[in-house]
Amino acid sequence: MRLWRGKPGWAAALIALLMTAGVCASAPAATAAPAARPDFRLPFACGQTWQLQTYLGHAPDDKKLDMYRVGGPTLGATVVASAAGTVTELFEPGGLEINHGGGWFTVYLHMDRRDVRLGQSVASGTPLGRLGLVGTDSAHLHYEQLYDTNGDNDGETDEMVHPVIQGTEYRLSPNGPFPQVKSTNACDGGGQPDRFWVDTYADATGYKDVDCVGDSTPRCAPQGTLRNGTNYVLCKKWGHKVGNDTSYNHWWLLTDLDEVAPGGSGRAYVSAYYLQKWGNDEAKDNDGRVIDTCT
């Protein structure tokens with residue numbers, strides 16, 4: 001029986017009328033509610049601000065988001081997981097999909113380097129890759145949230161939903177306004193990031209320790225390379241000076257290298273001299289937070 005959808009209370013009134021007439025009527029079957037949406041965060045480092053945009057023909061215009069950095073470079077920025085999950089698909093252009101459980105998925109596009117593998121479990125804030133000019137002439141992150149309504153354990157385009165990021169739902173229009181959002185991804189309770197995000201202006205060589213300037217012994221063999229761009233570091237340690245009489249830094253930053261030399265360690269120290277901001281013997285992240293000293 002097809003029931004007319006009228007004002008609130010119509011169903012109860014209709015059932016009462018049918019029962020009065022001696023007809024047994026069943027209430028409509030309940031539809032299972034979607035699983036609780038994960039706590040999706042902006043897919044960038046704690047404290048970074050990004051503008052959310054869309055455009056006419058970005059179908060569906062009100063669900064797909066393009067993200068551009070505010071106060072820093074978009075090209076070369078590191079994309080991080082919006083919430084915990086498992087990498088279930090890699091695809092072009094420069095994209096990947098994460099399954100967050102309960103039917104929820106996120107999609108990320110336009111990375112020129114992907115730093116995760118299929119089947120890898122990631123936490124919120126885990127680096128996924130680097131933004132490039134892959135499939136686009138203007139560097140940005142294309143981002144989607146999807147809910148698996150057909151139960152095939154995959155997120156499809158027709159299952160896209162209006163994204164909710166840090167508790168706010170976004171239904172953008174090509175005409176704007178375009179909100180600017182500050183990331184709370186991987187921030188701890190005190191407002192400090194688990195990882196410190198920095199912009200480096202050149203490739204940097206990594207070493208096992210901080211006293212290897214001019215030392216060519218096996219102990220100081222290069223461990224690999226940290227590529228220029230936006231990278232995370234874990235802490236700082238005072239060591240040998242890098243630079244010259246007018247521009248220098250004694251601090252070294254512990255990080256995970258992009259390229260590891262044969263026999264090298266993926267985690268090593270690089271000189272804070274390569275930071276794009278700040279001055280001599282300073283080691284701060286992109287938002288001006290002093291990087292913790294290694295213990």
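Cys187 has a relative accessibility of 26% and therefore counts as partly exposed. In this predicted model, Cys187 is bonded to Cys46, with the two sulfur atoms 1.8 Å apart. Cys46, at 4% relative accessibility, is buried. The link of Cys46 and Cys187 is right-handed, with 110 degrees about the S-S bond.

A search of the whole structure finds three disulfides. Their sulfur separations are listed below.

| Disulfide | S to S distance |
|---|---|
| Cys46 and Cys187 | 1.8 Å |
| Cys212 and Cys220 | 2.2 Å |
| Cys235 and Cys294 | 2.0 Å |

For Cys212 and Cys220, the S-S torsion is about -75 degrees, so this disulfide is left-handed. Cys212 is buried at 5% relative accessibility, and Cys220 is buried at 3%.

The disulfide of Cys235 and Cys294 has a torsion of about 95 degrees about the S-S bond and is therefore right-handed. This pair links distant parts of the chain, 59 residues apart: Cys235 lies in strand 19 (residues 235–243), and Cys294 in the segment after strand 22 (267–271). Cys235 has a relative accessibility of 11% and counts as buried. Cys294, at 19%, also counts as buried, because the cut-off for that class is under 20%.

When the bonded cysteines of the protein chain are numbered in sequence order, the pairing reads 1-2, 3-4, 5-6.

Terms used:
Residues numbered from 1 in each chain as written. Predicted model: local features only at pLDDT ≥ 70, side-chain atom pairs only at ≥ 80, totals over all residues. Heavy atoms only, no water. Disulfide = S-S within 2.5 Å. Buried < 20%, exposed > 50% of the residue type's maximum accessible area, 1.4 Å probe, protein only. Helix = DSSP H or I, 4+ residues; strand = E, 2+ residues; numbered from the N terminus.
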